[in-house]
Each structure stands twice: as structure tokens, then as C-alpha cells.
Amino acid sequence: MELLSTNVCFNGEHRRYRHRSAALDCEMEFAVFLPPAALGAESRKVPVLYWLSGLTCTDQNFMQKAGAMRRAAQLGLAIVCPDTSPRGVNLPGEDESYDFGSGAGFYINATQQPWAPHYRMYDYVVKEIPQVVESNLPITEQRSISGHSMGGHGALIAALKNPGRYQSVSAFAPIAHPTACPWGQKAFKGYLGDDTSTWEEWDATLLIPTARERLPLLVDQGTADNFLDEQLNPDALLDACEKVHHHIDLRMHRGYDHSYFFIASFIDEHLDHHARALGLMPG
């Protein structure tokens, strides 16, 4: 891990690192916030929230716009933000659109060429990044996961596909049923091919019925989100959960859009949700 930069923030540290990813076969950058409890003479290892960002984002959007570090510092919670796709692998077409290729890895493992050797963001965020940070930083194996939009989809499938790996999960405006929306269909066709049956293991709504662990889902969605009707489908996720009694708290917020203004308004409540599951505050 190469340390690129560090900033003191609320007596903790925001750091950016570069490393060589084995899963993606390229150089990657990611951000970490370490709370005061993880630093100094009386430091200890702390639990961690993995945050997955949305289309077009890098590791920096959440750290700079969400306003999460004040509450994370108080709670003693680390935050890790990976990037949203491989970078600089020079694949044909990777930079032609905002919703496929660079900045749009969709947190799945591609099987189609030329994407398969590099676009394995699921393995990267679920396996590699935790191994890297837990081996090199004062971070425990007590994990939670959250994300926004494409990253909300990533957080949901990571939790649903890996019972016991995360203590809690939440999402802001997730792409909740990607096999049934234009964003998901475009990405899955490109990364996974034409056989739509192979898409199903990457769709939270379709994973709910057979989930082997039923972590409560906290999902926030703005009613003024321009992508709500065509892309996000929270009602499909809600219906799937209700049919199998999978607890979901879907909170619709009047007037809020898809932006980081929305995330910043409710991020503290999500951090508290994860802190309770991680034993950092009373349940």
C-alpha cells in the first residue's frame, strides 16, 4: 500500500492509498477514515463500514460530500471507500458512457471478454479490499456495508450472498432490481452476456427469497429522485422482502433527490444503524 495523502479530520485521519489489485489486475486507489480511537498511544483496532459509491464516482465523492466523518469519529468507526471500477486498463469502449465501463463496475464479476480479466469488482470489494485493510491498518474483521445507487445494489448483494460476513447492511437509493431496469440490463449484458439466467445472482430482489441470512435492511429513498421510477424499483425489493418476512425498513423521504445532499441528510442515522450492530452503541 502506497500512502498518497492524509488529512486530519475530527481528530481522526482521512487517508488515500494506492495498491496493486490481484482481483482486478491493475493499480487501484481507495480511501480510509480512521477515527481517533484507532490512532495515538492508546489506539485499538476498530470496526469498519465499507461504503460503495455509485455511477461515475471514485473513492473521493463520499469522503468529501457525505459529511460522515464527524459521527464516525464519535462512534469509533472506520470507513473504507473503494473505487467504483478498474482504472486505466485501456479496454475498448470503457470510457464511452457513464453507465458502463469506467466508473461503472456494478460490483459484479464479469464473465465476458474483454471485461472478465479486470472487471471483478465483487471479488475486489468483498474479498480483496477487506484483506488488504485488515492486514495493514488498525481495523477489525467486524464489518458492515452500505452504499448509494449502484453502490447500494453492491452493498445489498454483498450482504445477501455472504452470510456471516457483515454485521449490518444499508443503502441509499439502491438499484434494487437491476435485471429489470435499463442501467442493470446494459451492464449485465455487457459484463455477463446474453443469458439472463446468469444475471439473477447479482440482483438483490431475486436473491431475497433464498437468502441464508436475513440481516435487517435499512433503505432510504427520496421521492424527488429522477431515477426512482425507471431505474431503482424499491417497491420490487419491498415486495420480495414482505413475501418471505425479510425485515426491511424502506423510508421514503419527501422532496429528496438522488444527490449527496440526500445522503448527507441521513448518513448519521445509517452510521448509528451500523454502530449498533457492531457493538459501538446500545441496540
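These legends go with a set of close-up views of one predicted model. Residues are numbered from 1 along each chain as its sequence is written, and side-chain values use heavy atoms, leaving out hydrogens and water. Because the model is predicted, local features need pLDDT of at least 70 and side-chain atom pairs count only at pLDDT 80 or more, while totals for chains, interfaces and linings use all residues.

**View 1. Cysteines without a partner.** You'll find zero disulfides here (a disulfide is a pair of cysteine sulfur atoms within 2.5 Å). Cys181 is in no disulfide either, with the nearest cysteine sulfur, in Cys57, 17 Å away.

View 2. Arg251 makes a salt bridge with Asp220 at 2.6 Å, N to O (a salt bridge is a side-chain nitrogen of Lys or Arg within 4 Å of a carboxyl oxygen of Asp or Glu). Arg251 sits in strand 9 and Asp220 in strand 8, so the pair ties together parts 31 residues apart in sequence (strands are DSSP runs of E, at least two residues, and helices are runs of H or I, at least four, numbered from the N terminus). Arg251 also bridges to Glu269 at 2.8 Å, and Glu269 lies in helix 9.

View 3. Lys127 and Asp123 meet in a salt bridge at 3.6 Å, N to O. They are four residues apart in helix 3, so about one helical turn separates them.
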